[in-house]
Each structure stands twice: as C-alpha cells, then as structure tokens.
Amino acid sequence: MKNKTVYTLGMGLAFLGIMGGFGGSVAFGYEEAVVKNGGTLTGKVILEGPIPEVRIFPLGLYPFGTYCNKNKEISDGQGNVRISEFKVAPDKGMQDVVVAVLNVKKGKIFKPIETQLVARGCEFLPFVSIVQNNGTFTMKNEDPIIHNAQLYQSEKGNLLLTVPNSPNSTGTFPIHFEKHKKIYQMICGMHEFMQTWGYAVDNPYYALTDENGNFTIDQLPPGEYDVIAWRPHFKPIEREITVSAGQTVSINYSFDANTVKRPHYETQEKFRMQH
C-alpha cells in the first residue's frame, strides 16, 4: 500500500474558462474502445476511530443568520450552525470518498460529467463532487439571499476566485485545470460554514462511495493499475491491483479518524475560524 499526499487545486468557475477552451466528451490522452470481458472493481471505504466532532459556527457572526437558522439540518436551535463533515454508517462505511483508477489510457466510453452544485438552506451541496477537466459545472443558488463562492488552493489557503451568487440564480461555468492539479475547495465568503470540494478525473473509471461506503467500477480492461481513494481532510490512499478478464476484484480502504487534518485557514478556536 502506498500513501500519497495530494494537495493541489484545480481552478474553477468563470476564471477557468480564460485558461482554456472546452474539450469534447473524451479527456485528452484517453481513447474510447470496446471493452470485451472487462473486469469489475468493488470495495468498501471505512473510517476507523471516533467520528470527528462537529464544527460550530455562531450565526451572529454572519449575514442573513435568521434565514440560515431555518435550516434544521444544520441549525442547533440555539443560534449556531453545526457542521458534520463525516457521514459514517453503523458498520463504519464512509460516504463521499472518491475512488479513481489512475492513468487508464483506453477503455469504455467516457461520458461528459454533469457536475451540479447547489446552494440550499445555507449549505453547498453535495459535499464532494467529481468533475471533468475541460467540461462544465452548474452552480445554482436556490436561496433568496446572496452567497459568495470562493475557490481556494487547498494546500495553502490562497484565494483564487470570488464569484457572487445572486438570489435564486443559476450559472454554468467552464472548468480548465492546470496540469497535474485536481482538487479545489469552495467556501462561501459570507458564510464560511458553506463548503464543498471537487476532485477531477481524466477517465471514466471512478466512483463516489454511497451511504454505506461501498463503490463499484466496471468494464475495466485487464491490466495492472493504481487506484486512489481520496476524501477531504485525509491523505489519499493509493493501492495497486491486477485485473484479469472477466474478474471481479475487491479492495477495501481504511481511513484513520485520528489523522484528520484541515488547512490552517480552517482551524477553529472557541468556535470561530482563525485567519
């Protein structure tokens, strides 16, 4: 097993469109072909150890706090927002983990990834998205209040882009990542408890774990591959597998809750973020 830290950021939103044009349905360097008697990759991702404590944000520090307080999914009814970033099943299966087969150059059809982000009830949803370089994603604000999407470079906390989200608005934006960069974090500049993450893939062999931590990737051509499991706040885990024709290969990943690490700009003291 190999552990590798992946702390790089893809650029996003309208700024990304300046960096390059749109691609087609196939990523650069990937060739679509008929896969005969391909293999299937299945597995489970678990979280070992106690689930990290929720993060607490006093609504009095933010605009439109009265509106945000109406969302019972995040409000504690006492003027605070409580954000739990870890959805873990009773058997430790963890949701929202990206599992991706790396460096696949030829295989099944790579359909365009239709990534959709939503601001709803003072939350950015979903918590983790899979995106495609040279594609697009849609940002929809369903709230009657303004939000302010900001993209950060995850390893340094550098602000790269600010895009206001008008009330009840929708916009579609091109994505163009710099070479070898895959990860972005988006935070609302008005409500810093609104956060979402994105991970870019360059082939169709990927999955996002379900509510029980399970995943399946099919039609994988026979061969040897590296498969990465990535989730915000952890070092990614990389595994090596061999797939034979028509074979189902099972691999499991285990993240240690005690190794959770957030960027410095996300640390909290007395329920308030430091800057």
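Q: Is Glu48 buried, partly exposed or exposed?
A: Glu48 is partly exposed, at 30% relative accessible area. Buried means under 20% relative accessible area, exposed over 50%, and partly exposed in between, with a 1.4 Å probe and protein chains only. This is a predicted model: local features need pLDDT of at least 70, side-chain atom pairs count only at pLDDT 80 or more, and totals for chains, interfaces and linings use all residues. Residues are numbered from 1 along each chain as its sequence is written, and side-chain values use heavy atoms, with hydrogens and water left out.

Q: Which residue forms a salt bridge with Glu48?
A: Lys92, with the closest N and O atoms 2.9 Å apart. A salt bridge here is a side-chain nitrogen of Lys or Arg within 4 Å of a carboxyl oxygen of Asp or Glu.

Q: Where do Glu48 and Lys92 lie?
A: Glu48 is in strand 3 and Lys92 is in the loop between strand 5 and strand 6, so the pair ties together parts 44 residues apart in sequence. Strands (E, at least two residues) and helices (H or I, at least four) are DSSP runs, numbered from the N terminus. Lys92 is partly exposed too, with a relative accessible area of 36%.

Q: What does Asp91 meet in a salt bridge?
A: The side chain of Lys44, at 3.1 Å, N to O. That pair also links distant parts of the chain: Lys44 in strand 3 and Asp91 in the loop between strand 5 (80–83) and strand 6 (98–101), 47 residues apart. Lys44 is buried at 18% relative accessible area. Asp91 is partly exposed at 44%.

Q: How many residues of strand 3 are buried?
A: Seven of its ten residues, so strand 3 (residues 39–48) counts as mostly covered.

Q: Which strands does strand 3 pair with?
A: Strand 18 (residues 214–220) pairs with strand 3 in the antiparallel sense, over five bridges. Lys44 stands opposite Asn214 there. Strand 21 (residues 248–256) runs parallel to strand 3, joined by nine bridges. In that pairing, Leu47 stands opposite Phe255. Two strands pair if DSSP finds at least two bridges between them.

Q: What about Asp218 in strand 18?
A: Asp218 meets Lys108 in a salt bridge, 2.7 Å from N to O. Lys108 is in the loop between strand 7 (106–107) and strand 8, 110 residues away from Asp218. Lys108 is buried at 16%, whereas Asp218 is partly exposed at 34%.

Q: What order do the strands take in the open sheet?
A: The order is 9-8-11-14, four strands with mixed pairing. Strand 9 (124–125) and strand 14 are at the edges with a single partner strand each, so one side of each has no neighbour in the sheet.

Q: How do strand 8 and strand 11 run?
A: Parallel, with five bridges joining them. Gln116 has Thr138 as its bridge partner. Strand 11 and strand 14 (residues 169–174) are antiparallel, over six bridges, with Thr136 opposite Pro174.

Q: And strand 8 with strand 9, parallel or antiparallel?
A: Antiparallel, over two bridges. Ala119 stands opposite Phe124.
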